[in-house]
Amino acid sequence: MHLNISGVESFIDKTALKSLNEAAIQANRQLGNKTGKGNDFLGWLALPAMVNESDISRIESVADRLRENSDTVVVIGIGGSYLGARAVIEALQSPFEECAQGRNPKIVYAGHHLDEDYLNEMLAFLKNRQVGCIVISKSGTTTEPAVAFRLVKQLMEEKYGNDGAKERIVAITDKSQGALRQMAEQEGYSTFVIPDDVGGRFSIFTPVGLLPISVAGFDIRSLLKGAADMEKASDVDVPVNKNICIQYAAIRNLLYNSGKKIEILANYTPRLHYLTEWWKQLFGESEGKDGKGIFPAGVDFTSDLHSMGQYIQEGERILFETVVSVEQQNNELRIPHDEQNLDQINFLAGKRIGEVNRMAEMGTMLAHIDGGVPNIRIEIPHLDEYSLGQLIYFFEKSCGISGYLLDVNPFNQPGVEAYKKNMFALLGKSGYEIEGEKLKARF
Ligand code: PA5
C-alpha cells in the first residue's frame, strides 16, 4: 500500500506541512502513550496483533456452524456495529454471487434503518430460506437493531421452534450490560464480547467484523495480518517519511486549515462503495464536534462523474479528494471490435476495461487538480483480505491522529444522542413526556 501526495504539492506550503507533520508525530505519540483525549477507548490500537489463535478458532467454528445450517444469514446492527463487516464483504464478494448448496451464504443486512417496507420484504424473503442471524449491539439498547431483531427472532422461532432458533442466533454485545446481553443469556444464544475500550466504529477487528466476514467465506487471518502489519508500520518509532498514517493525517489537516472543509473519498470500483460508507462514519463521528471537523463525503466513479463531477470540477473550492486506487483487477475483459462502429468506440477495441477505467482515473485526477481540487491517492495492489486489513487500520490510525490535530476527542459521539432523545419523546417513551409535548408544539 502506498500514499501518493504529489497531487497536493501545488496547493500547500512546505513549511506549514513540516510543522503539521511535527504535530502529527506528537499526536501519534499521544495515542501510543494513551495520554490524549478519550484514552479509555484505545483498545482498538493493539487489536490486530492481540487477537489470538483461540479467539480466531472460536469465531471460525461459530461461523462454520452458521454456514452449515443456513443459506442466508441476517446481520443486524447499525453504524459501527455493521458497516465494517459490510465494507469488507462487499469489497470481496461478486455482486452477482447467489448462494447455493455448499457455497457461501447470502448475507442480508437489517437493523440499520427503520424502513417498514424493507423489513416486510426481508421477512417475506426469509420465509423460504434457511436462516441464521448475527445480532450486534454494543450498548444492547439501540432502537433500529432491537426492532429488526424482534422481527427476525419471531420469524426464526416460528420456523425452527425456540431451541432450533437458539442454535442459529449469535449475539455480539457488551460483556455484562444491556438488554441484548440479558436476552442472550436468558435464551442461551452463543455470544461474543465487544471489549469495553473499543468503540463501535473502531470494532471491525473484534467479532463485530470478524464473525460476519468469516460467515461470508473470507479469510479473517489474512485481514488481521494486513492490519497487524499496518499497526507496526504506523508505530510511534516509525519516522514520518515512512509513516503514511502520520502523513495522511497531517496533509488533510493542512488542507482543512487552508479552507478545504470537505474531503471526498473516491473509488473506481463499485465494490468499494461500503468501504466509503464505513470511512464516512469513522471520520464523521470521530471529528465532527466542537464546531470543527472535515466533512467526509463519498463518490463512486466513474458513475458519479456524471452527477457530482460538475460540482467537483467547478463548484465552490472547498473540496479535496482522496482516491482509493486499486491497481489490479481479478479477471481480464477486453472490449470487442464492431464492424459497424456506430457507437464510435472502436478506438478502444482490444483494450482491457481496466485500462479504460485507469485512464478515466488519471484524466479525472489531472482535471480536478487543474480545477483547484487537491488530490491524495491511496494505492493498493489488489482487493483482497490482506490489503483491506491494511487499509482499514491505516484509516483508523490516521483518524485518531487527525482527531488529536483538530483538538477534539475522536472516540466519543455525544451528538448522536440528540435525535434519539427527540424520537423517544415523540413516540411517548416513559420519562420523555414533557419533552414530547414541547416538540409536538413545534410542528
Ligand atoms: O461508532 C459508534 O459508536 C456507533 O456508530 C455505534 O456503533 C452505533 O450507534 C451502534 O451502537 P450499538 O452497537 O450500541 O447498537
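Of the 13 residues around the ligand, which come nearest?

View 1. Ser81, Ser137, Ser139, Thr142 and Gln281 come nearest, out of 13 residues around the ligand (a residue is near if one of its heavy atoms lies within 4 Å of the molecule). Numbering runs from 1 along each chain as its sequence is written, and side-chain values use heavy atoms, with hydrogens and water left out. As this is a predicted model, local features need pLDDT of at least 70 and side-chain atom pairs count only at pLDDT 80 or more, while totals for chains, interfaces and linings use all residues.

View 2. Lys138 uses a polar backbone atom, at 2.7 Å from an oxygen atom of the ligand, and Gly80 has a backbone N or O atom 3.1 Å from a ligand oxygen. On its own the ligand exposes 380 Å², and the protein buries 88% of that (Shrake-Rupley areas, 1.4 Å probe).

**View 3. The two faces of helix H7, residues 179-187** (helices are DSSP runs of H or I, at least four residues; strands are runs of E, at least two). Leu180, Arg181 and Ala184 are buried (under 20% relative accessible area; exposed is over 50%, with a 1.4 Å probe and protein chains only). They sit on the same side of H7 because they cover an arc of only 100 degrees around the axis, taken from the directions from the helix axis to the C-beta atoms. Exposed Gln182 and Gln186 are on the face turned away from that buried side.

**View 4. What covers H7.** The cover over its buried residues includes strands E4 (131-137), E5 (169-173) and E6 (190-193), plus helix H6 (143-168) (contact means heavy atoms within 4.5 Å). Just after H7, Gly188 takes a positive phi of about 80 degrees.

Definitions and conventions
Polar contact = N/O pair within 3.5 Å; in protein donor to acceptor, adjacent residues only side chain to side chain.
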